[in-house]
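Here are my notes for your first look at this one. Have the structure open while you read, and go point by point.

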Amino acid sequence: VGVFYEEAYAALCAPPLSQHFDRTWVSHVQLKAAQFYADACYRFSLDLHQQEEIAQEIARLKIGMNALADAKKAAKGVAAPLLDSVNKLESNMKTNLDRAMKENNSVYLMRVPEAGTLGALPAASLVKSTSLAEVLDASNERLFSSLVPDGSMKALSKYTEMVDDIIRTQAEKLQQSSEITRVRLKEMDLPDSILSLEGNVSIPADLKEDVEAVQISGGPAGLEAELQQLRDLNRVNQELLVQTEEMLQKEASEDAQFRTQFGSRWTRPQSSTLTKNIQDRLNLFAGNLKKAAASDALIERDVKESYPLMSILDRRPIESALPSISRPIMSLDGNEDAIVGALKQSLRQLESLGAQRAGLEDHLKEMKRKDDILPKLMAGVGAHDDLFRKEIAKYDPICAEIADNIVAQEQLLLQIQEQNAQFAAVFNLDDYKVARERCYKQIAAAVAKYQAIKKNMNDGLNFYVSLQDATGKIQQQCSDFIMTRNIQCREMIEDVQRKLAGFNLSSSSHNTNTPRSSSVPPDQHSPSPPPHAPHAQSSYGAPPGGDPRPVYSQPESRPPYSQPYPTYGAPPQQPPYGAAHPGQYQQHPQQHQPPPGHDYGQPAYPGWRGPYYNGQQPQPQQPGPYPQAPYSAPGAYPHHQSNYYRPQ
């Protein structure tokens, strides 16, 4: 191909063609010649690579790429698709050239030959050129065969219309006759009644499709499994709701227990306040679940009540549920077989007439296709009426055959009608038709009922799946809430323990240094602060100038946050952590209440906010005159500490 393009390029560049062709054509042919020559070099290099002739492969690739580069420089106005093809070829050649040079430099180390030392590429002509004389020879061509005189053309058009009218009229007669046959047979319920007598019953196509769809989906027998699935989903959703409510109730109970234990020092919000929205949603879900259970009960009852109706859909095939024509129990003359045989013979003849009509219609179309009177019209002169009558007359025989077919069909239909009347009387077709129609209606009603129940079940399944997803999300929210509340609870308990430990140490120190006799005036028994703690806090149990009796001598003398523990029993009869032995103190019948505004040496607890309120860590207590009790030290009532109360 490259050689042919080179010859064409040389011819275009020489007179006289150089004076008649645009430069764009010359550039196009030149670039095509270079493209095919480079493509030949590229394909030849692939063979050389397989033979491990790496040096010649490099030389051939360079020759082809140089030819492409020179042609691209000289080509002006070449089409873009051609340039794209050339660029793609050049890219492939460059890739192979780089690979070959790399292999040669590292492995083969061959000397690349010069382009002049290489022979020409082998060429093969796969086509044979046609001589110009053969191309221009018009002796066998009818160049003016399609040119017809105007008069002949008009006459041909008139004749064509006459033929088309005959074809159209006869085709309409044939189609009408076929439609009459179909309607009359349907009125007589033929051939279905004959087939039913032989056991080959059928149902309408649309009803059969509905029944098949029901059977594919499981049929009435499969509804029980879906009802069980509804029950399981209802139970799963109920369990999820109960679990979620129990989680919230447990957290609320623990919060109420600590609130009772610590009184006003337990300042975090109540659980019922924080979980109101969740409780409302859970109540809504529970109500919806209750309604769904009632709907499931209605569906289950509907399935049980409708199963006798729907059970017909489980018959496979469904035609087995249809009634069939049975022979009479008692026969008077025994001619049932003769009646059936005559009716079948007439139906076969009717079928033959239908096949004959189809053949006549095809024969009409074939005659019209071959009917060409144009040569006769061009050969004749004057009017063409005689020619038309002669040519139209050749359609008379087939028109007569069509008429005979229609007449024979009418006579045969009358005969079939009489035979069918005898058949219906002998085999009691009226009762059979009533029973069959009743069965059709039962099947249709069963399909409608099944579809309605199936739709309700699908709605229930979708509801339970959606409710389970929503309940699962609510349960996750509750788990996160409870985890947060537990962490908050532990931090609040630790803070209360730290402050209680500081109070116990301060109370112990004050009771140790204060005289036990209540008859001594307070100013005579006021302890002086130790030298190493010049700013000692006031005693928890005795206000300045008051009675220094211990704080646990009377229940009514406790501070608000030292209330009794009704849940856990009476407080233990032992001193708080850091206090002296109880025998060192004298129990007094009265104890003065601390005056209002008394500073207990620690911040007021009701205003406390933990890290889950303000994002800050609780501040450590200021160092006092005595060391703070460690977290591991037992509290005032060690046997009352619960899991949530125990410092972690």
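1. For the protein chain, the mean pLDDT is 77, and 75% of residues reach 70 or more.

2. Some ground rules. This is a predicted model, so local features need pLDDT of at least 70 and side-chain atom pairs count only at pLDDT 80 or more, while totals for chains, interfaces and linings use all residues. Residues are numbered from 1 along each chain as its sequence is written, and side-chain values use heavy atoms, with hydrogens and water left out.

3. Take a look at Ser177, which sits in helix α6 (residues 150-187); helices here are DSSP runs of H or I, at least four residues, numbered from the N terminus. Ser177 is buried, at 4% relative accessible area (buried is under 20%, exposed over 50%, partly exposed in between, with a 1.4 Å probe and protein chains only). Leaving aside residues up to four places away in sequence, Ser177 touches Arg357, Ile406 and Gln409. Val407 is 230 residues from Ser177 along the chain, yet their C-alpha atoms are separated by 9.7 Å.

4. Glu391 is another buried one, with a relative accessible area of 5%. You'll find Glu391 in helix α14 (residues 385-392), touching Tyr159, Asp371, Ile373 and Lys376 when residues up to four places away in sequence are not counted.

5. Now the charged pairs. Side chains of opposite charge can pair when their charged atoms come close. The whole structure has 32 salt bridges, each one a side-chain nitrogen of Lys or Arg within 4 Å of a carboxyl oxygen of Asp or Glu. One of them joins Asp98 and Lys94 (3.3 Å, N to O). Those two are four residues apart in helix α4, so about one helical turn separates them. Asp98 is partly exposed at 40%, and Lys94 is partly exposed at 45%.

6. Which residue forms a salt bridge with Asp165? That's Arg168, with the closest N and O atoms 3.3 Å apart. Both are in helix α6, three residues apart, so again about one helical turn lies between Asp165 and Arg168.

7. Finally, the record: UniProt lists residues 223-250 as "coiled-coil region" in an unreviewed entry. In the model, residues 223-250 are 100% helix and 0% strand, with the end C-alpha atoms 40 Å apart.

Terms used. pLDDT is the predictor's confidence in each residue, from 0 to 100. UniProt positions are given in the numbering used here, feature names are shortened, and annotations may be inferred rather than shown by experiment. Contact means heavy atoms within 4.5 Å.
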